[in-house]
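Please find below a colleague's note on the model under review.

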Amino acid sequence: MAILEVKNIGKDFDNTRVLKDVSFSMEEGSALAIIGSSGSGKTTLLRCLNFLETPDSGTITVKGETLFDASAKGSRKEKELREKRLHFGMVFQSFHLFPQYTALENVMLAEQLLAQNRPDFKQNKKAVLEEIEAHGRELLTKMGLAERMQHYPHQLSGGQQQRVAIARALALKPDILCFDEPTSALDPELTGEVLKVIRGLAEQKTTMIIVTHEMAFARDVADQIIFMDGGVIVEQGPAHEVIDHPREERTKQFLSRYTQG
């Protein structure tokens, strides 16, 4: 069974149709890359999946549970949206770390807030917080940041900050980890260290959706690729087939920019 099913997602901003009947599915443990020009709808689609934007049409289903159905009536309460977002971990382009917190504190924060809702929190507060700290330390160590846990964001390189952001997204154990152009804010020499982390997550069969402009990386790491243009999916299929042997003319035109010169 697919871990994620997206059907006929549509989104308008003012009178502009940004997403038009976008549908796809993905299996647990797979990596999906979404490619396309700026303005093609990639980031809007990711934001809809994370409930940072509300689609105007369509459905989103995770593990057989329909999290969103545009045809369903009734208001969507913020508490319900927060719960739905827990299915997805989001890594943004520009890190979005809290500057007043250390790397470790940034990673622990969401888990600490959620833990306060546990019925046993007051009685076992010390043990729960120690468990959360141990989890945060484990994640940062996996990101190669064992020596940077007590550093503040301004004391970290861009690549290190993005790795903290990845650890933070993993902290809540999401079903699907989403990346929105994770290297676009980085200097070229720092891009490699972040891509290495994502490659490692793919090898561990972490379910991921990656919006990226790194074509060679998408081909080598993703199982499937979606090419978007004008708010629609123009082409989708196995990564090597889409990148190396695109069927659609629009896909060929887009990819030719990355193979010229």
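**Notes on the predicted model**

1. In this predicted model, helix α3 supplies the largest share of the lining of the largest pocket, namely five residues. The volume of that pocket is about 960 Å³. Its lining comprises 24 residues, and those closest to the centre are R82, R85, L86, A110 and L172.

2. Besides α3 (103-115), the elements that give two or more residues to the lining of the largest pocket are α2 (78-85), β6 (88-91) and α5 (158-171). By residue class, the lining of the largest pocket consists of 14 nonpolar, five polar and five charged residues.

3. The second largest pocket holds about 370 Å³ of space. Sixteen residues line this pocket, and K142, M143, L170, L201 and Q204 lie nearest its centre. Two or more lining residues come from each of α4 (125-142), α5 and α6 (188-203). The largest share, five residues, belongs to α6. The lining of the second largest pocket divides into six nonpolar, four polar and six charged residues.

4. Helix α5 deserves a separate remark with regard to the two pockets. It gives two or more residues to the lining of the largest pocket, and α5 likewise gives two or more to the lining of the second largest pocket.

5. Turning to the strands, β1 (residues 4-13) and β2 (residues 16-26) are antiparallel partners joined by seven bridges. Within this pair, I9 faces V22 of β2. The two strands form a hairpin with two residues between them, and D14 in the turn has a positive phi of about 55 degrees.

6. A further hairpin is formed by β4 and β5, again with two residues between the strands; in its turn, K63 has a positive phi of about 50 degrees. Strand β4 (residues 57-62) runs antiparallel to β5 (residues 65-69), and four bridges join them. T59 has D69 of β5 as its bridge partner.

7. What links β1 to β4? The two strands pair in the antiparallel sense over five bridges. In this pairing K7 stands opposite T59 of β4. T59 therefore has a partner in each of two strands, because strands count as paired if DSSP finds at least two bridges between them, and T59 is set against K7 as well as against D69 in β5.

8. The loop between β3 (31-35) and α1 (42-49) contains S37. Is S37 buried or exposed? The relative accessibility of S37 is 15%, so this residue counts as buried, the cut-off being under 20%. Leaving aside residues up to four places away in sequence, S37 touches K42, M228, R250, F254 and R257. With R257 there is also a polar contact between the two side chains, at 3.3 Å. The C-alpha atoms of S37 and V211 are 11 Å apart, although 174 residues separate them along the chain.

9. S38 is placed in the loop between β3 and α1 as well. Its relative accessible area is 78%, so S38 is exposed, the threshold being over 50%.

Definitions and conventions. Residues numbered from 1 in each chain as written. Predicted model: local features only at pLDDT ≥ 70, side-chain atom pairs only at ≥ 80, totals over all residues. Heavy atoms only, no water. 1 Å grid on protein atoms, 1.4 Å probe; cavity = no way out; pocket = protein on both sides within 12 Å on 5 of 7 lines; lining within 4 Å. Points joined across faces, edges and corners; volume = space filled by probe spheres on them. Nonpolar A, V, L, I, M, F, W, Y, C, P; charged D, E, K, R; others polar. Buried < 20%, exposed > 50% of the residue type's maximum accessible area, 1.4 Å probe, protein only. Contact = heavy atoms within 4.5 Å. Polar contact = N/O pair within 3.5 Å; in protein donor to acceptor, adjacent residues only side chain to side chain.
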